[in-house]
Amino acid sequence: MQHGIYCKHEEHEDHDPSQEPLITSQQQEHVNHKAVLVPSLQNPFQSNEEAIFFVGLHEVIMQDITPDNFGLTPAEWGLEQYPPFETIHVGHHAAKDLDISLAEPIWYTRACL
C-alpha cells in the first residue's frame, strides 16, 4: 500500500522473495507463543463465604491495615518515599525492562485498597 492505494506487486522492485524465510524466522520469537488462559467467570465463593469475605475486607479498610510483602510499606521501598515508577520485565524470557509510572496520588491509594 502506498499513499492509501494498493500497489501492484511488480511496482516493488526492491522486494526479494528469498528474504521472506529470513524475516519469518526473525519474527518467530515474537509471535510464536501459547494463548493465555482466560480466567473462569464462575464465582469462587460458596454460599455465605462472599458475605464473610466482604465483612472482613470492610474491617481491614476501616482499620487502615496495609499488608506486608506488597511493596506498600516504607520499609519495603528502599527509599524515603513511595517509588515514582516500577520496572517490570516483559518480552521473551523477560529480556526487556519497562518502567511503569506509579503516580502516588493515584496508584498508592489504589494499591493499598
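The largest pocket is lined by Leu57, Val60, Ile61, Asp64, Ile65, Thr66, Pro67, Cys112 and Leu113. Here a pocket is an open set of points on a 1 Å grid over the protein atoms alone, where a 1.4 Å probe fits and protein lies on both sides within 12 Å along at least five of seven lines; lining residues have an atom within 4 Å of a point. The model is a predicted one, in which local features need pLDDT of at least 70 and side-chain atom pairs count only at pLDDT 80 or more, while totals for chains, interfaces and linings use all residues. Residues are numbered from 1 along each chain as its sequence is written, and side-chain values use heavy atoms, with hydrogens and water left out.

The volume of this pocket is about 160 Å³, taken as the space filled by probe spheres set on the points, which are joined across faces, edges and corners. Helix H2 (residues 49-62) gives the largest share of the lining, 3 residues; helices are DSSP runs of H or I with at least four residues, numbered from the N terminus. By class, the lining holds 7 nonpolar, 1 polar and 1 charged residues.

Confidence comes next. The protein averages a pLDDT (the predictor's confidence in each residue, from 0 to 100) of 78, and 81% of the residues score at least 70.

Thr73 sits in the loop between H2 and helix H3 (74-77). Thr73 counts as buried because its relative accessibility is 14%, under the 20% limit (1.4 Å probe, protein chains only).

Conventions. Helix = DSSP H or I, 4+ residues; strand = E, 2+ residues; numbered from the N terminus. Nonpolar A, V, L, I, M, F, W, Y, C, P; charged D, E, K, R; others polar. Buried < 20%, exposed > 50% of the residue type's maximum accessible area, 1.4 Å probe, protein only.
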